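Morning, everyone. Please have a look at the structure on the screen, and I will walk you through it.

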Amino acid sequence: MPLDKAAVEHVALLARLNLSETEKTEFARQLSSILGYVDKLQELNTDQVRPLVNILSANNVLRDDEERPRPLSREELLANGPSVEAAQFKVPKIL
Amino acid sequence: MELWELTLQQMIGQLNSRCISSAELAESVYEHTEKTDKAVKAFITLADKDKIMEQARLCDTEAFRGIKGIPYGLKDIFCTRGLKTTCASHILDNFIPPYNATVVNKLNEQQGIILGKLNMDEFAMGSSTEQSAFFPTHNPWDLERVPGGSSGGSAAAVAAGEIPFSLGTDTGGSIRQPAAYCGVVGLKPTYGRVSRWGVIAFASSLDQVGVFSKTVTDCAIVMNIIAGHDPLDSTSVNIERPDYTRFLNADIKGLRIGVPKEYFQQGIQAGVKEEVKKALKFYESSGALVEEISLPHTEYALPAYYLVAPAEASANLARFDGVRYGWRNTGKDNILDMYSHTRAEGFGDEVKRRIMLGTYALSSGYYDAYYLKALKVRTLIYQDFMKAFENLDVIISPTTPSTAFKIGEQIGDPLTLYLNDILTVPVNMAGLPGISIPCGLSDGLPVGMQIIGKAFDEGTILKTAYAFEQNSGFHIKLPHPEVI
């Protein structure tokens, strides 16, 4: 199914990507081509097939709820923040 | 012979018997790398020479153990404490992790020396290392060609003799394909065999950490260090790790090898087919039982992969939002604009393309038709392998449809580039282990042979690879002398 520019804009908003007009046109074309290719999957009847969600027949991994030593200090955790103030990550206004 | 030319096994032997010192080895390796990497450009970050030499001299003051004093390289996707980790992306080009990945800790415990961080396609999305946000890496066999990807720097550095081994990651072929293009050994272990803690995630149901090396023996030595359960990675499996070096004997009489007919169709280069068929003749003449098999859903693996992997990537890469680490566009005064400008300017084209594709495949109204459908097809691919392995020990095929292509040749059309992974992707979809070993040359370029094994049976893969290597002697061949 071809993807039009409006659909690209909707997906870009969901993905938090501010695309340029050129990118929108280019992605509409390229994604349509990729989606055309993956449509090949519709050739297969999978009505009776269960989805493979996890390759390991993994059980949930649990541990006791005990306090563990903290390997990193607050300073180390904050060190990569682009904007830090009063030991917190600072962001532009939300409301 | 220069010291940098030694294999890992030889370095261990000579350091252990004190024929050489760590300082002599580090000096040789560093000088060779500084010179060679001007042309190959495998490293994003090369550690400071004084620091490397200091570590090596310290190693010389104590008894040898493990891989003490031996330099190695890491794909720039592994978090390294205090050492910049970029994932070859602008969005992380100032990121200095406060901790090490588990595998890095394991190599540190054996006192290996990190020579540096290696180039890759941005966030491991690509098959040529041309998608690095910084620069392309060149194939040491022909500098005008790509080294493959996404772990292209890891493969090229080993091929050029810059390091005896390196680590990479493989989501759809990102270890095996560059190993094939660069003529080195590249192992993708079983999903769950090696810890991924501290490895920047791409597609979590597919990603696995693995090894590049000059020889199969060296691969087994490194696997002995990195494999095993990690309580910090809930997808790492808690079963015993065998001593992989114990599988290395060349007696393969009675080994049952399956050759999937589908892996020899689909536009495979004649020269590639020919070299792999020659290798199969060797196995037959050594007493292995080689039979043609069918993996009927092979052609559906790649389209299913290009839904599953981008879908998981779109979720994993949501964390890059300019808040806690990485680059931020500081010119925006509301948070939505800050997110969407930071991400649009921080990510490269291929990453954005896959985030868009994955977001679409997971979005309301399309989930069942795309993502769920792909997971169902994944079951069929898995079942193909399970059925085949009822009567087989290993499956052998070419690793890639062609030898290394030229830089720039495939960059225009994303779909054409994706087809490079057609023979490696099914293995990730089924979570199985696979190795690529060099099996010959076609027009002067290395051809890779892929050996696929049962889950957690890396041992039989290594044994099968070792038998061929001992016979072919290909592992001692070096790329073009002008390059190194």
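Let me start with one term. Two strands pair if DSSP finds at least two bridges between them. Keep in mind, too, that this is a predicted model.

Now apply that term. In chain B, strand β1, residues 43-46, pairs with β3 in the antiparallel sense, over three bridges. One place to look is B:F43, which stands opposite B:L118 in β3(B).

β3(B) has another pairing. Strand β2 of chain B, residues 71-75, runs parallel to β3(B), and five bridges join the two. Here B:Y72 has B:I114 of β3(B) as its bridge partner.

Eleven strands of chain B form an open sheet, and the pairing is mixed. Read across, the order is β1-β3-β2-β4-β6-β5-β10-β11-β9-β7-β8. Which strands stand at the edges? β1 and β8 of chain B, where β8 is residues 289-293. Each has a single partner strand, so one side of each is left without a neighbour in the sheet. From one strand to the next, the twist averages 30°.

One further pair in that order deserves a look. Strand β5 of chain B, residues 185-188, and strand β10 of chain B, residues 434-442, run antiparallel and are joined by three bridges. B:K188 has its bridge partner in β10(B), and that partner is B:G434.

Next, helices. Two packed helices are described by the angle between their axes and the distance between the axes. Take α9 of chain B, residues 298-316, and α12 of chain B, residues 368-388. They pack at an angle of about 130°, and their axes are 9 Å apart. α9(B) and α12(B) are therefore oblique to each other. The crossing is left-handed.

Who meets whom there? From α9(B) come B:Y300, B:A301, B:A304, B:L307, B:V308 and B:A311. Across from them, α12(B) brings residues including B:Y370, B:A374, B:R378 and B:I381. By type, this contact has twelve nonpolar residues, no polar ones and one charged.

Another helix is α7 of chain B, residues 216-226. α7(B) is mostly covered, with nine of its eleven residues buried. Among them are B:V216, B:D218, B:C219, B:M223 and B:I226. After α7(B) comes B:G228, with a positive phi near 130°.

That brings me to the backbone. Most residues other than glycine have a negative phi, and most peptide bonds are trans. Here are the exceptions I picked.

The peptide bond from B:G149 to B:S150 is cis, with omega near 10°. You will find B:S150 in the loop between β3 and α5 of chain B, where α5 is 152-159.

Then B:C87. This residue is not a glycine, yet phi is positive, near 55°. B:C87 sits in the loop between β2 and α4 of chain B, with α4 at 102-109. Is B:C87 buried or exposed? Buried, with 30 other C-beta atoms within 10 Å.

B:F456 also has a positive phi, about 65°, although it is not a glycine. The loop for B:F456 is the one between β11, 445-453, and α15, 458-472, of chain B. B:F456 is buried, with 20 other C-beta atoms within 10 Å.

Last topic: the two chains. 42 residues of chain A are in contact with 52 residues of chain B. On the chain A side, the elements that give two or more residues are α1 (5-14), α2 (21-38) and α3 (74-78). Which of them gives the most? α2(A), with seven residues. The chain A side divides into 30 nonpolar residues, seven polar and five charged.

Here is one contact point to zoom in on. B:A344 lies in helix α10 of chain B, residues 335-346. B:A344 touches A:L17, A:N18 and A:L19. B:A344 is partly exposed, with 18 other C-beta atoms within 10 Å. Within chain B, the C-alpha atoms of B:A344 and B:N329 are separated by 9.7 Å, and these residues are 15 apart along the chain.

Definitions and conventions:
Residues are numbered from 1 along each chain as its sequence is written. Chains are lettered from A and ligands numbered from 1 in the order in which they are written. This is a predicted model: local features need pLDDT of at least 70, side-chain atom pairs count only at pLDDT 80 or more; totals for chains, interfaces and linings use all residues. Two residues are in contact if their C-beta atoms, placed from the backbone, lie within 7 Å. Helices (H or I, at least four residues) and strands (E, at least two) are DSSP runs, numbered from the N terminus. Ala, Val, Leu, Ile, Met, Phe, Trp, Tyr, Cys and Pro count as nonpolar, Asp, Glu, Lys and Arg as charged, and the others, Gly among them, as polar. Axes are lines fitted to C-alpha atoms, for helices over the stretch in contact, and angles run from 0 to 180 degrees between N-to-C directions. Angles under 35 degrees count as roughly parallel, over 145 as roughly antiparallel, 65 to 115 as roughly perpendicular and the rest as oblique. A crossing is left-handed if the near helix is turned anticlockwise from the far one by less than a right angle, and right-handed if clockwise. A residue is buried if 20 or more other C-beta atoms lie within 10 Å of its own, exposed if 12 or fewer, and partly exposed in between; C-beta atoms are placed from the backbone. Lists of a residue's contacts leave out its neighbours within four places in sequence.
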